[in-house]
Amino acid sequence: MIGLRAGRLPDIAGDFSCASCERSCRSTELDRHLWCEECIAAARAGAKRVGWKVGGGVAAALAAWIFLVVQPTILIGGWIGAVLAAFWLCSRIGTEFWYGHLRFRKRPR
Ligand SMILES: [Zn+2]
């Protein structure tokens, strides 16, 4: 197993196809879920877009709640920091969750 890239299959003779796009590949081009690099990159990019939307939505809702309900008069920077932290955290959670969903939906059978 020396010299393998992390998460890749070893060089195995035979026909392999990507579990997502079904393009035939060498075993070394697939990861352990049998996805090719192009499909992984596309899923990552799609998940990132969803993550930004989730983070933006949560941050907007939190900012609206702070502005309308809390109506802070002091420590404005702290409230802005809380909104930014919620945006960052929720975008990361959304990205990973959606990426996991995409990977699970097209898993090898
Ligand atoms: Zn593929």
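Guide: A residue is called buried if 20 or more other C-beta atoms lie within 10 Å of its own, exposed if 12 or fewer do, and partly exposed in between, with C-beta atoms placed from the backbone. By that definition C39, A43, A47, G51, G55 and A59 are buried in helix α1. The model is a predicted one, in which local features need pLDDT of at least 70 and side-chain atom pairs count only at pLDDT 80 or more, while totals for chains, interfaces and linings use all residues. Residues are numbered from 1 along each chain as its sequence is written.

Helix α1 covers residues 37-70, and its 34 residues reach 47 Å from the first C-alpha to the last, close to the 50 Å expected at 1.5 Å a residue, where the expected span is 1.5 Å times one less than the number of residues. The buried residues of α1 pack against α2 (76-105), contact meaning that C-beta atoms, placed from the backbone, lie within 7 Å. After α1 comes Q71, which has a positive phi, near 45 degrees.

As for the whole, the chain follows the pattern β-β-α-α along the sequence, helices (H or I, at least four residues) and strands (E, at least two) being DSSP runs numbered from the N terminus. Its radius of gyration is 20 Å, well over the 13 Å that the globule rule gives for 109 residues, so the chain is more spread out than a compact globule; the radius is taken over C-alpha atoms, and the rule is 2.2 Å times the number of residues to the power 0.38. Of the 109 residues, 17% count as buried.

Notes: Two residues are in contact if their C-beta atoms, placed from the backbone, lie within 7 Å.
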